[in-house]
Amino acid sequence: MNRLALAAVLLLWSFAARATDVPEFHLAIQDHAYQPAELKVPAGTKVKLVIENRDASPEEFESTEFNREKIVLPNSTITVYVGPLKPGSYRFFGDFHQDTAQGRLIVE
Amino acid sequence: MRFISRTTAATTVATLFAVVAFGVAGRAHADDFIVYSPHVIAGQSEIELRGYGITDGRSEYDGERAAELSVAHAFTGWWKPELYLAEYEKEPGAGGKLVGYEFENTFQFTEPGEYWADLGLLASYGHPKGGGPGELEVGPLIEKTVGRFDHRVNLIWERHIGAGAESKTEFRYSYAGTYAVSKAFRPGIEAYGRPDDHAYQAGPVVAGEWHVPHTMGNVEYRVGVLLGINAAAPRHTWVAQLEYEFF
């Protein structure tokens, strides 16, 4: 039973243990396109993306390559935590406007 | 401490389920063969059909089937209630019938990726059609993504309540690991354990989704087969899920 309690405490602690000073990067969605279309972020560290949708329709920020999916309502802002990632180029897109809403995280 | 404030808000409702839940079950249900994500996408609605069918050389298992039809809407970024409008079950050698309804809630406690793993809670009440004990389920939902890999773990406690309910709590656990080759193709494995039934199963699955052109919706699917690991588990359980998600 003591082992179970210890495991529970460790589990809760691991959830609460988030990295401090997470670097923040900004993206905007305008006319169903990401601005900038390429965003450079550091490798090996968690980053916080702040995504602002300036359009009048919702968009879904999504990436298969770093496994994220989140809706951005019209004229609103969301935050998305990503990484740590290895150096490379990771595609993200807007699920509702895939023809135009395309971007890449350049991790270096 | 956003973690604490979000947790406090979500657990206010969830605790109502948790304080009562502890004791019974029996056969597997359709919702036994799914590994829930703790992620809630605010504003998203869902229509979902899922089920399973068993093929086994043994008459006590062969031909068992179950399916569920549900609708859901995420009112906030931390709460998604889901209503199961129809639950169908067919036991081996018997006819199929509608068995009840269910009100299920997913609570997202942490922002995806913010902590080492993402944490949520499942809390549901199943109401039988035609009387009998109801069923409470509660337990943590855990998810960890690493690049294209996604891992989920569910720990679910289940207890019957009401007239004729047994005073016993049953426990089940499940794991899903997938690799996103593309948005539409995520192969992986799922594993399920029901210690009280001495039933352990695991097998390959494929999941994915497609955007429906000119809409704000996606069609999501999942199919797989679970193989019985021990003699008390069905030899082949075929699972399938089809869902339409939209805003």
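How many residue pairs are in polar contact across the interface of chain A and chain B? In this predicted model, the count is 14 residue pairs, both residues being at pLDDT 80 or more.

Begin by selecting chain A and chain B together. The contact draws 23 residues from chain A and 31 residues from chain B. About 2400 Å² is buried between the two chains, and carbon and sulfur atoms give 55% of that area. Four salt bridges are counted between chain A and chain B. To view one of them, select B:K183 and A:D95, whose closest N and O atoms are 3.1 Å apart.

Next, colour the elements of chain A that give two or more residues to the side touching chain B: α1 (2-16), β5 (59-63), β6 (68-72) and β7 (76-82). Of these, β6(A) gives the most, with four residues. By residue type, this side of chain A divides into nine nonpolar, five polar and nine charged residues.

Turn now to the aromatic rings, which form 13 pairs over all chains. Select A:F96 and B:F247: the pair is edge-to-face, because the planes stand at 65 degrees, with the centres 5.6 Å apart. This pair joins two chains, since A:F96 lies in the loop between β8 (88-94) and β9 (102-107) of chain A and B:F247 in the segment after β12 (236-246) of chain B. A:F96 is buried, at 9% relative accessible area, whereas B:F247 is partly exposed at 28%.

Then select B:Y244 and B:F246, a stacked pair with 5.3 Å from centre to centre and 20 degrees between the planes. B:Y244 is partly exposed at 29% relative accessibility, and B:F246 is partly exposed at 27%.

Finally, select A:Y34, A:F61, A:F66 and A:F92, which form one aromatic cluster.

Notes:
Residues numbered from 1 in each chain as written. Chains lettered and ligands numbered in written order. Predicted model: local features only at pLDDT ≥ 70, side-chain atom pairs only at ≥ 80, totals over all residues. Heavy atoms only, no water. Contact = heavy atoms within 4.5 Å. Buried area = accessible area lost by both parts, 1.4 Å probe. Salt bridge = Lys/Arg side-chain N within 4 Å of Asp/Glu carboxyl O. Polar contact = N/O pair within 3.5 Å; in protein donor to acceptor, adjacent residues only side chain to side chain. Nonpolar A, V, L, I, M, F, W, Y, C, P; charged D, E, K, R; others polar. Phe/Tyr/Trp six-rings, centres within 6.5 Å; stacked < 30°, edge-to-face > 60°. Buried < 20%, exposed > 50% of the residue type's maximum accessible area, 1.4 Å probe, protein only.
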